[in-house]
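Reader: Please go through this one with me, a bit at a time.

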Amino acid sequence: SKTMPEYILLMHSDVVDRDMANHGQAWGDYLGRLRQSGSFDGGSSVGNGQAFRKGSEARPPEINVEGFIRVRAASLQDAQHFLAGNPNYEAGGTVEIRELPPD
């Protein structure tokens, strides 16, 4: 059986409402729904770091990502269903969805 494609949701740090984005109960409810969907493959907060390039000085990251979630969905359009209730998205933040091709 062909497995469904995997996607990663990248939560950017550009939220409008920080309290909403960091609301523990909202995250608990959201992650509970993801687990019940059977399409949730984990995720994590992402802390501070630096960007490195050979021959250059270390610099701040170009994209400030605060967390990621991995899901399985039939298409990019289907993966967009996982935006609903995402505290970062609901707080006005960017959530970038990228396919994880099985290279």
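Reader: Where does N88 lie?

Author: N88 lies in helix α4. Helices here are DSSP runs of H or I with at least four residues, strands are runs of E with at least two, and both are numbered from the N terminus. This is a predicted model, where local features need pLDDT of at least 70, side-chain atom pairs count only at pLDDT 80 or more, and totals for chains, interfaces and linings use all residues. Residues are numbered from 1 along each chain as its sequence is written, and side-chain values use heavy atoms, with hydrogens and water left out.

Reader: Is N88 buried or exposed?

Author: N88 counts as buried because its relative accessibility is 3%. Buried means under 20% relative accessible area, exposed means over 50%, and partly exposed is in between, with a 1.4 Å probe and protein chains only.

Reader: What is N88 in contact with?

Author: Leaving aside neighbours within four places in sequence, N88 is in contact with M11, H12, V15, A21, W27, E66, G93, T94 and V95. Contact means heavy atoms within 4.5 Å.

Reader: And N86, where is that found?

Author: N86 is found in the loop between α3 (76–79) and α4 (87–90). N86 is at 0% relative accessibility, so it counts as buried. Not counting residues up to four places away in sequence, N86 touches M11, W27, Y30, I69 and V95.

Reader: How far apart are N86 and V15?

Author: Their C-alpha atoms are 12 Å apart in space, while N86 and V15 are 71 residues apart in sequence.

Reader: W27 and Y30 came up there. How many aromatic pairs does the structure hold?

Author: The structure holds 1 aromatic pair. The ring centres of W27 and Y30 are 5.9 Å apart and the ring planes are at 75°, so this pair is edge-to-face. The rule takes rings of Phe, Tyr and Trp (its six-membered ring) with centres within 6.5 Å; planes under 30 degrees apart count as stacked, over 60 as edge-to-face and the rest as tilted.

Reader: How many residues apart are those two?

Author: W27 and Y30 are 3 residues apart in helix α2, so about one helical turn separates them. Y30 counts as buried because it has 2% relative accessibility.

Reader: New topic. How much space lies in the largest pocket?

Author: About 230 Å³. Of the 15 residues that line this pocket, M11, W27, S44, S45 and G67 are the closest to its centre. The elements giving two or more residues to the lining are α1 (18–21), α2 (24–37), β2 (40–45) and β3 (65–72).

Reader: What counts as a pocket, though?

Author: On a 1 Å grid over the protein atoms alone, a pocket is an open set of points with protein on both sides within 12 Å along at least five of seven lines, whereas a cavity is a set where a 1.4 Å probe fits but cannot get out. Lining residues have an atom within 4 Å of a point. Grid points are joined across faces, edges and corners, and the volume is the space filled by probe spheres set on the points.

Reader: How does the lining divide into nonpolar, polar and charged?

Author: The lining has 7 nonpolar, 6 polar and 2 charged residues. Ala, Val, Leu, Ile, Met, Phe, Trp, Tyr, Cys and Pro count as nonpolar, Asp, Glu, Lys and Arg as charged, and the others, Gly among them, as polar.

Reader: On to the strands. How many residues of β1 are buried?

Author: In strand β1 (residues 6–12), 6 of the 7 residues are buried, so the strand is largely enclosed by the rest of the structure.

Reader: Which strands do bridges join to β1?

Author: β1 runs antiparallel to β3, with 7 bridges between them. Another 6 bridges join β1 to strand β4 (residues 95–100), again antiparallel. Two strands pair if DSSP finds at least two bridges between them. H12 stands opposite V65 in β3, and Y7 has E99 in β4 as its bridge partner.

Reader: What about E6?

Author: E6 has its place in β1. Neighbours within four places aside, E6 is in contact with D41, R70, V71, R72, R98, E99 and L100.

Reader: Is R72 buried or partly exposed?

Author: R72 counts as partly exposed because its relative accessibility is 26%. R72 lies in strand β3.

Reader: Last one: what pattern does the whole protein follow?

Author: Along the sequence the pattern is β-α-α-β-β-α-α-β, with 4 helices and 4 strands.
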